Amino acid sequence: MRSTMQDVPLTISAILRHGVDVHGMRLLAERVLEAVRHAGARLADDLHGLTLTTSVGWAIHPHSAETLEELMGAADLSLRGAKGAGKDGAVAATELAGSTP
């Protein structure tokens, strides 16, 4: 049996945090990334050659958008930006060009 490396995508649709700023969200994103890395390392034998990674994208009101619809759209674009930048990373809406309301 041939062993191949594959990715197991992990998507978290939303984490809502009241009263957190851009720096706080960056710290939370890094904690999520580290937790997934740690889980992947602990489960390495059980994953049979699979690699566990995640991408995190977020937006914060009012830095990224004014309305809920705009905020959700900015967060979605951020997640796509994180995925596009490579595996196992995080991107804030404020880091994307033209993301300010």
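Guide: In helix α1, the buried residues are G24, M25, L28, A29, V32, L33, V36, A39 and G40. This is a predicted model, in which local features need pLDDT of at least 70, side-chain atom pairs count only at pLDDT 80 or more, and totals for chains, interfaces and linings use all residues. Residues are numbered from 1 along each chain as its sequence is written, and side-chain values use heavy atoms, with hydrogens and water left out.

Visitor: Why does V36 count as buried?

Guide: Buried means under 20% relative accessible area, exposed over 50%, and partly exposed in between, with a 1.4 Å probe and protein chains only. V36 has 8% relative accessibility, so V36 counts as buried. V36 lies in helix α1, and its C-alpha atom is 7.0 Å from that of L52, 16 residues apart along the chain. Over the 101 residues of the chain, 30% count as buried.

Visitor: How do you know that the span of helix α1 agrees with its number of residues?

Guide: Helices (H or I, at least four residues) and strands (E, at least two) are DSSP runs, numbered from the N terminus. The expected span of a helix is 1.5 Å times one less than its number of residues. Helix α1 (residues 22-42) has 21 residues, so at 1.5 Å a residue 30 Å should be spanned; the end C-alpha atoms are 30 Å apart, which agrees.

Visitor: Which elements make up the chain, and in what order do they run?

Guide: There are 3 helices and 3 strands, and from the N terminus on they run β-α-α-β-α-β.

Visitor: What makes β2 and β3 a pair?

Guide: Two strands pair if DSSP finds at least two bridges between them. Strand β2 (residues 50-58) is joined to β3 by 4 bridges, and the two run parallel. S55 stands opposite G89 in β3.

Visitor: Why does G89 count as buried?

Guide: G89 has 18% relative accessibility, so G89 falls under the cut-off and counts as buried. G89 is found in strand β3. Contact means heavy atoms within 4.5 Å; leaving aside neighbours within four places in sequence, G89 is in contact with L33, T54, S55, V56 and A82.

Visitor: How do you know that both faces of strand β3 are covered?

Guide: In a regular strand the side chains alternate between the two faces of the sheet. In β3 (residues 89-92), G89 and V91 on one side and A90 and A92 on the other are all buried.

Visitor: What makes a set of residues a nonpolar core?

Guide: A nonpolar core is a set of buried Ala, Val, Leu, Ile, Met, Phe, Trp, Tyr and Cys residues joined through side-chain atoms within 4.5 Å. The largest one here has 10 residues: M25, L28, A29, V32, L33, V56, W58, I60, A90 and A92. Helix α1 and strands β2 and β3 each supply at least two residues of this core, and the largest share, 5 residues, comes from α1. Apart from this core lies another, of 5 residues, among them A59, L71, A74 and A93.

Visitor: Which residues does V56 touch?

Guide: Not counting residues up to four places away in sequence, V56 touches A29, V32, L33, L79, A82, G89, A90 and V91.
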